[in-house]
Amino acid sequence: MFWTKQIKKIYVNRQVKNSPLVENILSQLSPLPFQVVNSLEDVQSELRLAPDPIAEGKRTLFLTKEKAFIRPCPCTPGAVGCGYWTLDINLNCPLDCSYCLLQAYFSLQPLTIAVNRRELEAELKTFFNRRNNQVLRLGTGELSDSLAFDSLTGQASFLADLFRDRKGVWLELKTKTASVDSLLEIAPPDNIVVAWSLNSRRIIASEENGSASLEERLKSACLAVEYGYKVAFHFDPVIYYSNWEREYEEVIGELLDRVPAGSIAWISLGTLRFPGKLKEIARERFPQSLIFEEEFVKAWDGKFRYPKPLRLKIYKKFKDLFQTQGLSNRLYLCMESPEVWREVKETNKKGKLLASPFSWLN
Amino acid sequence: MEIKEIDLSDLRLEDRCFNFTLAGPDEKFLASVQQVGITEPVKIKAEDGSFILVTGWKRVEAARAAGLKKIPARILPAGLTDLEIFRLAFFENYSQRDFSLAEKALLIKKFLKFGLGQEELIAEILPRLQLPPERPTIETLVKLVALDWALPEIHRGRWKLATAPLFLSFPLEEQKLIIGLAVAFNHNQQAELIDLLFTLKKRQAKQLTAILSEKEIGPLVEEMKEGKPRAGDRLVTALREKALPQLSRINQEIQATIKQINLPGQGRLNYDQTLEKTAVSIYLEARNKDQLELVLKNLSESLKAGEWDTLFKILNNKIDE
C-alpha cells in the first residue's frame, strides 16, 4: 500500500514491544529498522528537527498503547451535535489534505497506532453494556483515516467481530482510500457502515494529497454494497469555487447512478471551516492552494466559515440533489448552527431534536 | 565580577555582536538618568584594551543623551566564550522584559552564530521565547532577520510569528512596498494589512503594485503618502471590502436600510455583521413611562413602513435570491 511505503521511521513504545501485533506489523514493514522509545516525547523531539514536522509525522510510525479509546465527538461549541462517538485507535493520517484540521489539532504527532487491543475490547464491552438499548454511532475516522492502515493492522475485521450482532450499535469506518479488501474477506455485519468522504474531482486532485480518486472511491463503495455492507458519504468539506455547483452535481449524479439509495445509511454535509491556526499552517505547507483565500467570517465558535448566506445556498443545493432520490431525510449537517439547521431542514425543531436524522436506524 | 567606572569613550559601540535590543530608552528612563546617572552597572567584555558592551544598551544610550562621561560597568571574567556571554545577556534580559518578534529573530541569529546547535535552540531557547519549538520557526526567523532594513518596523509593529511567513512570501520589492505602507499603521492593522494583501495577491494572481493601483485603492494609497489623517483606516477598509465582497455588499445594504428606518429618539439597531445571527437588537431610550409609551408607539408606527421587511429579508437572505 502507498501509505505503508511512505513510512521511513518506526518507533515502538517500550511498554508494547513484546505485543504480538507489534511483531506482526514490524514483520510486514521489514526491513525497515525500528527504535524502542520510552514515550511519545522521544518521537516528538525528532520530529521537531524536521523541515516540515507535519510531513515528517506522516512518514513516522509510532506503535504504542492508549489509556482510553471512546470519546463523545466534541463537535464545536454552539453547533448542533449528532450524538456521535469517536473511537480513537489511530491518531494522525497518512493522507495529506490541505484543509485537514489534524495539522492544527495535533502538535508533532507521528502516525500512531494503539496496539493494546485487550483494553480496547474491554472498554467497548463496558461501553455497550452501560448503554444497552440505545442507538449508538461510533467511528474510527475522526483522528485518522479508518482504512488507510488496515492492511497492516487488520483493525477493521477485529472491530467487525466486536460489533457484530449488537443491535442498534453502529460502527462507521470512514475513509478517503479504496482499501476495502479486508472487509471483503469477512461476513459483513449489518451494523458496520463503510463511509467515504467525497469531493469534486478538482478538489480531490488539488487538495486531497495521497487520497484515492473519485472513481476509486465510488468503485470501492459499489464493491462494499455488493458484498452486503451499508455505506455512507460525507461531503465535508464542501469547498466553494467558481464551478462548484456543476462539479459537485456531477459527483452526486455519479454517486446516485452507481450506489443504490437503499444501501446509504447517512450523508453528511459540512462546508469548509477552520481555526486561524490551520490557515497559517496550510498557507505555508500548500502554497499552491487557493481555498483559504476565499471569503470567510469568523463565526460563533471562533472558526472561519463561508458567510451564512453562501453556506445556506450550498446546503440547499445538495439537499435538492439528494431529494430526487428521496434521500434528503438521510442528510445531516456537521458542525452547523441551529439557525442553519432549521433553515436547511425547514423545521422549527430545537436543540438536539434537530440532529435526529437517524430514526430509521432504530 | 569586577565593577569599575569606565569612560564611555572606551566602549566599542560599533561592535554590536551581543546586542539584540531594538528599543531605545523611553522618556522616563532618560529623565531618571539625567537626574541620578546610571545606578545599575552595564556588563562588558574586555578585549584588546577596550570594551565591548554586552548588556545595558539602553543605559549607555541614555548616559550619552545625558552627557555623562563615565558609567559603572561589570567586566565579565576572561575565558568566557562568546556563547556563554551571549547566554548571560539573554537570560539577564529574559527575566526583565518581553522580546518583540524582531528581537527574537536577532536572538536566534546570534545564538546560531555563537555556535548554539539547532537542537539546543529548539529545546532550550524557543520555548522561553514562547515560539513553537521546531525547526520551521528557526528557518522563518533566520529569513526574517536577514531583512535587517525591515526589523525596526517589524519591532514597532509588534508582529506576531504568523505574519512573518506571509510577509516573507512576497518578493523583495513588494516587501519594501509593504513596509513603506506599514509605517502608517498600528500593529493590529499591520497584521491585517499583510493578510489582506496576501489574500488579494493570491486570489487575483497580480503584482502588488497592480492591486494597490486599482481604482478603489490607488487614491487611498496616495492619501496615505500625503499623510492625510485616517487614510490608513480607509485603506484597510477598502482592502477588506475587496477581500470580502459578498459580506461587504450585504452589510452595505443592511446599513442603508437601517438608515431609512426611522427609529424613535436615541434608538439604535444592532445586528451581527458576520450575518451568522438573523436576530437584531434594538436599543431605545426613555426616562419615564410616558416617554416609553411614545417611543414604543413610534417604533410600532415605523413597522408599517417597508424598511423592516427589507431589513429582515436581507438578514434572512440567500445569495442570488
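How do α14(B) and α16(B) run relative to each other, roughly parallel or roughly antiparallel?

Modeller: Happy to! This is a predicted model, in which local features need pLDDT of at least 70 and side-chain atom pairs count only at pLDDT 80 or more, while totals for chains, interfaces and linings use all residues. Residues are numbered from 1 along each chain as its sequence is written, and chains are lettered from A and ligands numbered from 1 in the order in which they are written.

The axes of α14(B) and α16(B), the latter covering residues 307-315, meet at about 160 degrees and lie 9 Å apart (axes are lines fitted to C-alpha atoms over the stretch in contact, and angles run from 0 to 180 degrees between N-to-C directions). The two helices are therefore roughly antiparallel, a label for angles over 145 degrees, with under 35 being roughly parallel, 65 to 115 roughly perpendicular and the rest oblique. Their crossing is left-handed, which is to say that the near helix is turned anticlockwise from the far one by less than a right angle.

On the α14(B) side, the touching residues are B:I250, B:E253, B:I254, B:T257, B:I258 and B:Q260. They meet B:E307, B:T310, B:L311, B:I314 and B:L315 of α16(B) (contact: C-beta atoms, placed from the backbone, within 7 Å). By class, this contact has six nonpolar, three polar and two charged residues (nonpolar: Ala, Val, Leu, Ile, Met, Phe, Trp, Tyr, Cys and Pro; charged: Asp, Glu, Lys and Arg; polar: the others, Gly among them).

Now for the other partner of α14(B). Chain B gives 25 residues and chain A 23 residues to the contact between the chains. On the chain B side, α5 (118-125), α6 (135-145), α10 (187-204) and α14 (245-260) each supply at least two residues, and α14(B) has the largest share, with four residues. This side of chain B divides into 11 nonpolar, six polar and eight charged residues.

The C-alpha trace of chain B spans about 90 × 55 × 40 Å along its principal axes. Chain B has a radius of gyration of 28 Å, whereas a compact globule of 321 residues would be near 20 Å (taken over C-alpha atoms; the globule rule is 2.2 Å times the number of residues to the power 0.38).

Technical notes
Two residues are in contact if their C-beta atoms, placed from the backbone, lie within 7 Å.
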